[in-house]
Every structure is written in C-alpha cells, then in structure tokens.
Amino acid sequence: MDEYQQTVRALSDRIVSAQTPIRILDAVKWDDNVRQTFLKAKGKALPIVDRAWYQGRPLSFDAAAVRIEFQNIERDVTRQLGQFNPVGQIMRRMCREYRMVVRMLEARGTEDFGLISQELYGAASDAFHAGDPTLSDLGLMLSDYLNRIDGRGDLKDEVKNLTAKQAVDMLQSRLNRVFGETEETIRVFESDGIVADAAAGADYIKVRADAMFNERDVRALEVHEGLVHVGTTLNGLNQPVCTFLSKGPPSSTVTQEGLAILMEVIAFASYPSRLRKLTNRTRAIHMVEEGADFLQVFEFFKEQGFGMEDSYGNASRVFRGSTPTGLPFTKDLSYLKGFIMVYNYIQLAVRKGKLDQVSLLFCGKTTLEDMRILRQLVDEGLVAPPKYLPEQFRDMNALSAWMCFSNFLNHLSLDRIEADYANII
C-alpha cells in the first residue's frame, strides 16, 4: 500500500475495533424470565420490563469510552483525509451512527430509545418518496393481497418435517457448493441461544435447536442468511483497505435486509407465509407508533393465527429495548423498506445503464447512499469488487431484462388493467 492507502486502512481498522463490543440485539432482548412470567399469567398482564429492569442488565461495554473513541476517530478522519475526501465521508457517517447506537442503548427503557431507533431505522409512517405511500400503507396493501390468496389450498405451507439437525446438514451441503470447502467455509450449527429460527454471523449460521423446517425454509435460509448476509461479510473481510465494509451500522442494515429479501424473490425462495411474517412485523410496529401496548400487539398476532408462545415472541421483537407501553424498536422495518429501496435502485441503474454499480451492493456491508462513492473507490483501488456473488448478480442478463420490463410496467395503470381484464379473470 502507498501512504494514503495505509492511512485509510489504519482509520478503517480503528472503526472496526471500536464497534466490536457493541451488540445491539443482545443489549435489547428480553430474557426468558420475562417470557415465562407472561405466559404463566396466560397473556393477561403486561410484561414486567421498565427502565430499572434494563439498568439491572448493564451494557457489556463502557458506553462513554466507546462514544469518545468514535468522536476521536471522526476527528482524525477529517484531520488526516480532509473534509471532502470520499472515503472519509463514509467513515465519518459510520462514526456518527455508532455514537447514536450507543446513545440508543444507554436510553433503553425510555422514550428516547424509540425516538433514536426511528432516526436509525425509520418509522412505519415514513413515506418512500414525496407523495408516495408509507411503509404502513405497504404493510396493509400486502396483507390485503395475501388475504385474497390465503384460501387457495395449493398455496398452503409445506409440512415442516425437518429437524434442526437435518436442516443444518442440508444447509451446510448447499452452502459448500456455493462457497466451496476452503478456509472461508460457512459453518452451520444448532444453537439454543437465539430467538429467530436462524441467525447469521461473520462466517457462520446458527439454527435454533428446537425449530422445525421444510425444504423451502432451508432454501430461503441459503439465500437470505448465506448468499447475502454471510457473503457480504466475507466480501467485506476480503477488503484490503476499507476494512470497515465488513461491519454494518444501522444504515447498512436497511440495505442488507432489503437485498436479502430481493434475493429471496428473484431466486424463487420466498413464499406467501414468509411475506406475511414481514408484513405483520411492519403492521405491529405501526400499531405501537399509534399508541398500542404490548397486550394489543400480542392479541394482533394471535388474530393472525399464532399460538401464545409465538405471539409473545413476535410481540417482544417490537418492544425489545423499550417498555410494554413505550415506542417500538423499528429495526424490523428494514426488510420491506430495504426491499423497495434496493429494487428501485437496481431499476434506476438499469435505466441509466450503470449495471457495473449493482454488483457493488455485495462488496461488503454497503449503504445505498454510498454506492456512487464506492464506484469511485473501486476505480481508485481502495475497494475490491466482491469475491462472492450470487449467480443472479454474476450474470446480469436476466435481471436486466426483468428490470427493463418492470420499468415499462410501472407506467401502466393497474386500475385500468383490472377494469379491462374484468371479463377474463
């Protein structure tokens, strides 16, 4: 590396090191005692979680020291790279985001937690663009479509007849074919310590030991957790200079989750009940923003057909870090919000003939607003193109053709189409 690249690498490594102790989901999750107490009361009393409850579970790091470290890094970025340096702009924004994350975690159990969450991940009442529908509108619209097809017998979910161990073996085999059996092989294993059915780390995927799966679930995990989440992490870890791309602040969460959902769709790995899970989360967050408490959200999930334990699990996702009567933790908006934003970005890239920028979504934990800068950094040799790419993005022919048609279809009136087709459907 030349002196400039060494400077960028040193600052980048400092960001990676400073964020290491921050574990957002670990810091906001409710423990099993809360769940057991709630279920023992038959779901009739609010969970006992308040500011004091969180204070009894202190953060695993010195929040003040971490905030000061990010402030120092941000100041050194400007001192060493200048105010308008492109890679410096990305690193300064990351420092500001991580400081905001620390402030959010310090505010667990208060109204400020929810307000900062909305700044980082957005709110259900946010519009995509001026005059466009909001995220909550999207959730209601998708729910309406799903309700119309819900009665079809041929669209019912397949039986979940795979144990966690069987799912682990099947998923490991699939990922080995994609990533090879090298030093970067993705490990898949069972875990008792997660709430979701599966969760991705830097080079592994954990599968909940007591969960059941079917082959469609495994395919979705391969695409979502493997090809996108772990794949982009490995690509970030392979960056020789901009090592910060291996770690993702909240702004990259929206892009990453949106990319993962898009991959599920274009790989034909998604399915209606999977989509309903995402719309329910969006609707639940909007309910809380409108004043609903934990019991009302719990009842909402029961009305969607979930049992008591699953309804509690879904509702607690919305309130983790907050209180049962507080503002929501809005991270779960990232899926649908990110999907729309990434889809629109790829559409525009095709329309403007900038296909070379699309694959850069996978070069690490990227954020949409940085894509033009990342293209410039690739040209400067500061960012390496992604080593691991899903086949749908290695050859852009099919995706480009789809987006060309999609660009045209956006100009047609669906209401007019529905009226004209009334006699044939």
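Helix H14 is largely enclosed by the rest of the structure, because nine of its 12 residues are buried. The model is predicted. The buried residues of H14 are Ser 311, Tyr 312, Gly 313, Asn 314, Ala 315, Ser 316, Arg 317, Val 318 and Phe 319. Their cover includes helices H3 (32–40), H4 (51–55), H12 (272–289), H13 (294–303) and H15 (334–351). The length of H14 (residues 308–319) agrees with expectation: at 1.5 Å a residue, its 12 residues should span 16 Å, and its end C-alpha atoms are 16 Å apart. Gly 321 follows H14. The phi of Gly 321 is positive, near 85°.

The protein as a whole has 19 helices and three strands. Its radius of gyration is 22 Å, close to the 22 Å from the globule rule for 425 residues, so the protein is as compact as a globular protein of that length. The C-alpha trace spans about 65 × 60 × 50 Å along its principal axes. Of the 425 residues, 52% count as buried. Among contacts with a separation of 6 or more, 74% come from residues 24 or more positions apart.

The three strands form an open sheet. Their order is S1-S3-S2, and the pairing is mixed. Strands S1 (187–191) and S2 (198–200) are the edge strands, each pairing on one side only. From one strand to the next, the twist averages 20°. S1 and S3 (residues 204–208) run parallel and are joined by five bridges. Across this pairing, Val 188 stands opposite Ile 205 in S3.

Two helices lie across these strands. Helix H9 (residues 164–179) lies across S1 and S3. H9 runs at about 165° to S1. Helix H10 lies across S2 and S3, and runs at about 15° to S2.

H10 covers residues 215–237 and contains His 229. With 10% relative accessibility, His 229 counts as buried, because the cut-off for burial is under 20%. Beyond residues up to four places away in sequence, His 229 touches Ala 200, His 224, Gln 256, Glu 257, Ala 260 and Lys 365.

In soluble globular proteins, nonpolar side chains tend to be buried together. Here, the largest nonpolar core holds 120 residues. Ile 22, Ile 346, Leu 361 and Phe 393 touch the most other members of this core. Helix H6 (residues 86–106) supplies the largest share of the core, with 11 residues. Phe 393 shows how one of these residues is placed. Leaving out residues up to four places away in sequence, Phe 393 touches Leu 259, Leu 262, Met 263, Ile 266, Ile 346, Val 358, Phe 362 and Leu 399.

Neighbours within four places in sequence aside, Ile 73 is in contact with Leu 11, Arg 14, Ile 15, Ala 18 and Cys 95. Glu 158 is 85 residues from Ile 73 along the chain. The C-alpha atoms of Ile 73 and Glu 158 are separated by 51 Å.

Terms used:
Residues are numbered from 1 along each chain as its sequence is written. This is a predicted model: local features need pLDDT of at least 70, side-chain atom pairs count only at pLDDT 80 or more; totals for chains, interfaces and linings use all residues. Side-chain values use heavy atoms; hydrogens and water are left out. Helices (H or I, at least four residues) and strands (E, at least two) are DSSP runs, numbered from the N terminus. The expected span of a helix is 1.5 Å times one less than its number of residues. Buried means under 20% relative accessible area, exposed over 50%, partly exposed in between (1.4 Å probe, protein chains only). Contact means heavy atoms within 4.5 Å. Two strands pair if DSSP finds at least two bridges between them. Axes are lines fitted to C-alpha atoms, for helices over the stretch in contact, and angles run from 0 to 180 degrees between N-to-C directions. A nonpolar core is a set of buried Ala, Val, Leu, Ile, Met, Phe, Trp, Tyr and Cys residues joined through side-chain atoms within 4.5 Å. The radius of gyration is taken over C-alpha atoms; the globule rule is 2.2 Å times the number of residues to the power 0.38.
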